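Biologist: Can you walk me through this one? I'd like to start with the ligand site.

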Amino acid sequence: MNLVYADEHGNVFDHPDYVGLGRSGDMIVEIMEEELIPLPNGATLVSLPFTRPIGLNGKTGEMEVLKNGVQAVGALLPQGFTRLCLPGYVKSDKEQKLPLFGYTAVVWKDGEFFVTAEQCDDPERWDPLNCDQQELQVRVEGLLEKYPDNRLYKHLSNCALGYECLTASNTFLGRWEGAVPVSYSCNAGCFGCISEQPEDSGFVAPQTRMNFKPTVDELVEIMLEHLQEPESIISFGQGCEGEPSTQAKIIVEAMKQVRSRTSNGFININTNAGLTDFMRAIVDAGLDLMRVSTISALDEHYNAYYKPRGYNLLNVEKSLKYATDQGVYTSINYLIFPGVTDREEEIEAMLGFCKRTGLKLIQMRNLNIDPESYLSIIPKPQGEIYGMKQMLDIFRQELPEVVIGSYTHVPPPELRRKQLLR
Ligand code: SF4
C-alpha cells in the first residue's frame, strides 16, 4: 500500500518507497488490510493544502514526513461509507484550517486507489451520478411555473441547481427523500455548522442559510406535491437552514393540513431536539420519523461542539425518548471522527444513550471538519481507543435491535407509526 501524495499543482502520485499511513485523532497509525476497500464510485480525491504527508520508509521502517512541496491527499466519501482513518499528515502551517470536508486516508495498491472505509449502507440513492441534471432543470422550471409565488421552491431551486443538493433535487424530481426547510435561526452554534459560521471562525459555511420565514401554505404546497408515493419522505431540517423546531407553530399547522388530505409517505424532521416542548408538539401532530443530530453522549464533548443555547443533552434525550414512546421511528445522525468516536468513554456513553431512548437507527455521518481545530476544542481521550472498525462491531453486538446505516430509511412495516395510530 503505497503512500499517495500531490504536488503543488494538485497532481496525484503514489510513492513506491513509502507505505501510506493513517491517523486516529492526532495519532499516526499503520493501516490494516481489513480497513481497506477500493475507492468507491462517487468518491473524490483532494489535496490538503499546508500539509506534509507522513509515510513509512519501506527500507528503514521509519516514519518520515515527506518534504519538497508535496501535500497529503484525502478522499471524500459518498453517502453509505464510514471513514475509518484520517489521512496521515502534519500541518506545515498550523494557522491554516482545512475546509469543512470529511477527509479519509487513501493509498495505492494493486494498481488502484484504496480508502480506509466500511460500507454501512446502499449508496445508490445518494450517488450524484443518479441525478439527471437535464431532467432536474426541466422539473425545476415546471414547479417554479406551477407555484410562482412559493418562495421555498425558489430557495430550493438554488439548492438543487447551485449546490447540487440531492435532497433538494429529489423535491423537484418527486422521489425518495425531499426537503422542506423552514427556519432561519438556531438554538445551537455548532463548531462545524454548514449554514452559518462566525466571521472569525476561519471556516467558510458551504451553504447560505435561508433568510425568510415560510408560510404554512408554502410548506403545505411542497409537502403535498412530494407525498404522492407511499414511500416518499419529506424532511424538515436541511443544511441550508437553522433548527426547524424553532418554527414548531407553522410545522404543526402544516402537518395537520397535510394529514387531513393525504396519509401518503412519511414526515421526517432532522433536528438537534433541544427544544423538548416544541418537539413534543411536532410529535403529537403526527410525525413519522425523527433524526437527531449529535456528536457525543458526554456533556463536555457535546457542549464544546454544539454550544447549545438554552438546552442540554438531557433535553435531547427526553425529546428522543418521547418520540420513540409515541411510535415515531427515531434515529441519530451521529457525527463520527476516528480517534474520538471510538474512545472507550464515548462508546460506553453512546450505548447507554441509545438504550435509554430506544432509537431504531444510527446514521454514521463522517464529521466534516478541520481535524486540528476540532481536536483542540474537545476533551482529551480518557480510556482506550478501539479503532472505528471495532467500534462499529461493538455497536452491532451491543445494540442488535438497532440498524447501523448512513441515511434516513423508510421504516419496516411493523415499525411504521401509521400502523399504530390509524
Ligand atoms: S444545529 Fe444545525 S443549523 Fe444549528 S448550528 Fe448546528 S449545524 Fe448549524
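Modeller: One convention before the counts: Ala, Val, Leu, Ile, Met, Phe, Trp, Tyr, Cys and Pro count as nonpolar, Asp, Glu, Lys and Arg as charged, and the others, Gly among them, as polar. Also, this is a predicted model.

Biologist: Fine. Which residues surround the ligand?

Modeller: Cys186, Ala188, Cys190, Cys193, Arg209, Glu241, Gly242 and Asn272.

Biologist: And how does that shell split by class?

Modeller: There are 4 nonpolar, 2 polar and 2 charged residues around the ligand.

Biologist: Switching to cysteines. How many disulfides does the count come to?

Modeller: The count is 0.

Biologist: What about Cys354, buried or exposed?

Modeller: Buried, with a relative accessible area of 3%. Its sulfur has its closest cysteine sulfur in Cys120, 14 Å off, and that is too far for a bond.

Biologist: On to the sheet. What is the strand order?

Modeller: β15-β16-β17-β18-β19-β20-β21, 7 strands in an open sheet with parallel pairing. β15 (177-179) and β21 (403-405) are at the edges. Each has a single partner strand, so one side of each lacks a neighbour in the sheet. From one strand to the next, the twist averages 25°.

Biologist: Which helix packs on it?

Modeller: α9, residues 344-357. It touches β18 (289-294), β19 (329-336) and β20 (361-366). The direction of α9 makes about 165° with that of β19.

Biologist: Back to β15. How many bridges does it share with β16?

Modeller: They pair over 3 bridges, in the parallel sense. Ala179 stands opposite Ser235 in β16.

Terms used
Residues are numbered from 1 along each chain as its sequence is written. This is a predicted model: local features need pLDDT of at least 70, side-chain atom pairs count only at pLDDT 80 or more; totals for chains, interfaces and linings use all residues. Side-chain values use heavy atoms; hydrogens and water are left out. A residue is near a molecule or strand if one of its heavy atoms lies within 4 Å of it. A disulfide is a pair of cysteine sulfur atoms within 2.5 Å. Buried means under 20% relative accessible area, exposed over 50%, partly exposed in between (1.4 Å probe, protein chains only). Two strands pair if DSSP finds at least two bridges between them. Helices (H or I, at least four residues) and strands (E, at least two) are DSSP runs, numbered from the N terminus. Axes are lines fitted to C-alpha atoms, for helices over the stretch in contact, and angles run from 0 to 180 degrees between N-to-C directions. Contact means heavy atoms within 4.5 Å.
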